[in-house]
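Work through the following exercises with the sequence and the structure at hand, and try each task before reading its solution.

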Amino acid sequence: MLELRFHGRGGQGAVTSAELLAQSAIAKGIYAQAFPSFGPERRGAPVVAFARISEQPIRNRTAVRHPNIVLVLDPSILRIVNTADGLPPDGIHIINTTKTIAELREEFGDKIGPNAVTLDANHIAQEEIGRKITNTTMLGALLRATNIVDKDILIEKLKERFGRIADGNIRSLNRAFEECCIEKKEG
Amino acid sequence: MSVRRGVEVSIAVAEAAGFCDVDVVAAYPITPQTHIVEHLASLVADGHLDAEFVPVESEHAAMSACCGSAAAGARTFTATSSQGLALMHEVLFIAAALRLPMVMVVANRALSGPINIWNDHSDIMTERDVGWIALFAENGQEATDLVPICHRISEDPRVQLPVMLNFDGFIVSHMIEPIEQLSKEEIKTFLPDFAPVQRLDIDNPFTMGPVGMPNVYTEAKMAGEHAIRASYEPIVEIFKDFGDKFGRYYNPVESYRTDGADIIFVMMGAITETAMTWVDAQRDAGTKVGIVRFRLWRPLPADDFKKAVAGAKVLAILDRHFSPGGPGGPVAQEVKYTLYGTDNAPKIVEVVVGLGGRDVFPEDFDDIYKRAEAVLNGAPVPPFELTQVRGGHYGKI
């Protein structure tokens with residue numbers, strides 16, 4: 001089972017990205033779930049969403065404490081939340097930032113996970129969608145870092161969800177797929 | 001033809017109510033609510049569902065409007081949670097006493113205070129004695145399937161009682177998960193048109209809900225008691241018919257890996273799923289432990305339960321609510337009532353878990369198992385305990 005945690009701010013669509021991911025996995029015929037961390041919903045406040053994907057039925061409805069993948073939708077979250085919490089040595093930390101991975105490690109130390117992927121999702125989303133809503137952009141980097149769901153199915157779900165504004169989101173997702181930086185480990 | 005898709009459980013439940021072709025939905029749409037009534041409001045507003053959506057001024061009014069609509073012979077649906085259910089309290093008794101068929105979905109959430117609308121069973125357990133049939137679903141598929149089942153139970157001429165369908169707030173209600181949704185056509189083959197046994201009719205006037213003087217009140221209560229007890233047979237029959245039609249069989253009490261189990265965990269709702277994962281690991285390690293869950297809560301399926309736990313030496317009972325200063329949690333109380341005086345009755349270890357949205361993780365079952373195991377090995381039975389109390393102690397009462 002693959003477990004994911006999404007960190008964003010209320011209104012950035014963290015829950016929607018978890019949802020699209022789960023729906024894509026379910027459409028493929030396997031099992032998935034997505035849910036928000038349940039709390040007062042306030043625009044701009046730090047929010048967390050979770051997703052699980054598995055070949056087997058999923059029977060755990062508790063918060064994800066040991067995610068395989070963490071996505072950080074907003075660069076400013078790194079300063080206030082330890083988003084790497086619970087990431088195992090092979091865990092992947094996907095971060096929306098203008099900084100390089102080396103700069104992030106210098107600034108945040110072990111609050112950056114063992115395997116980092118970075119992208120300037122704000123910039124991409126602003127250019128392609130016209131707003132800094134980064135949720136679909138971040139999914140592009142996720143698809144690059146893992147092959148947990150099929151890109152075609154995800155794009156199909158994105159079209160269903162966003163209708164006529166889907167195009168910008170799809171362009172943004174594709175650009176993120178191409179432009180994200182994946183850390184090369186020594187050895 | 002049913003479709004498998006990833007959908008929020010509340011939305012799937014609302015669609016199921018829509019496919020049941022409900023006539024009236026009366027609800028109060030503010031926290032604590034779920035997307036159930038919001039989605040039904042959309043279905044009505046967008047013309048997908050030919051029903052009257054009554055946005056009332058409070059939950060008390062919601063239940064009152066539901067009573068009126070059911071009395072007029074309309075298929076009636078509502079949903080609520082937490083404080084909303086509490087605000088309905090006095091009207092719930094009336095719906096049952098007037099034998100009004102309707103279905104209410106309750107996404108179980110805590111009662112304040114401190115102010116808390118997260119998941120536990122304190123809302124429903126304080127409404128235990130209202131005279132409604134009550135069921136508990138464990139996941140989204142079951143919750144969605146139980147919507148037409150509850151309408152059919154409620155409207156069965158042998159039953160004619162309101163039915164409450166419970167499922168855990170947030171951890172089920174707000175979860176996006178795979179659900180095979182029955183189509184409207186499929187539901188139509190299972191749920192006949194509502195044919196009320198009696199309804200308010202200006203051409204044939206009669207009084208519904210008159211004063212029950214001391215000379216008839218006891219008889220009226222006895223009649224209600226007969227009705228809810230007699231609903232057991234139709235409920236089992238309707239579960240079976242659903243299974244025969246759609247392949248998913250439901251029972252009043254469910255057992256999971258209880259063969260030869262010395263210790264059986266007893267609980268209701270979604271934490272049963274977490275417990276199954278834990279039990280699988282225990283069984284792999286050779287530990288004889290299983291789970292029994294109540295799906296039907298009212299009428300209490302006492303005989304099914306006795307059969308399900310026969311042979312167990314210790315029951316570990318998990319409650320999501322308790323009676324302060326009283327005899328512990330409601331599930332434990334009722335199990336003790338059920339087993340008292342029976343031969344070879346198992347010993348009972350009672351714990352209260354998952355209050356006000358606290359997650360129940362698989363390792364929480366390890367702690368509870370240790371206490372049950374100690375009793376199995378001869379330790380005295382401890383009084384009921386609040387578990388998961390911060391600081392690592394068990395908050396022994």
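A salt bridge is a side-chain nitrogen of Lys or Arg within 4 Å of a carboxyl oxygen of Asp or Glu. This is a predicted model, in which local features need pLDDT of at least 70 and side-chain atom pairs count only at pLDDT 80 or more, whereas totals for chains, interfaces and linings use all residues. Residues are numbered from 1 along each chain as its sequence is written, chains are lettered from A and ligands numbered from 1 in the order in which they are written, and side-chain values use heavy atoms, with hydrogens and water left out.

**Exercise 1.** Find how many salt bridges cross the interface of chain A and chain B.

*Solution.* Applying the rule across this interface gives four salt bridges. One of them joins A:Arg61 to B:Glu273, with the closest N and O atoms 3.1 Å apart.

**Exercise 2.** Describe the extent of the contact (heavy atoms within 4.5 Å) between chain A and chain B.

*Solution.* Begin with the residues: 22 of chain A are in contact with 27 of chain B. Next take the buried area (the accessible area, with a 1.4 Å probe, that two parts lose on being put together, summed over both), which is about 2,000 Å², with carbon and sulfur atoms giving 55%. Within chain A, the residues that lose the most area to chain B are A:Phe38, A:Arg59 and A:Arg61, together 44% of what that side buries.

**Exercise 3.** Decide whether H1(A) is largely enclosed by the rest of the structure.

*Solution.* Count the buried residues (under 20% relative accessible area, 1.4 Å probe, protein chains only). Twelve of the 14 residues of H1(A) are buried, so this helix is largely enclosed; among them are A:Leu20, A:Leu21 and A:Ile26. Helices here are DSSP runs (H or I, at least four residues), numbered from the N terminus.

Conventions: Buried means under 20% relative accessible area, exposed over 50%, partly exposed in between (1.4 Å probe, protein chains only). Helices (H or I, at least four residues) and strands (E, at least two) are DSSP runs, numbered from the N terminus.
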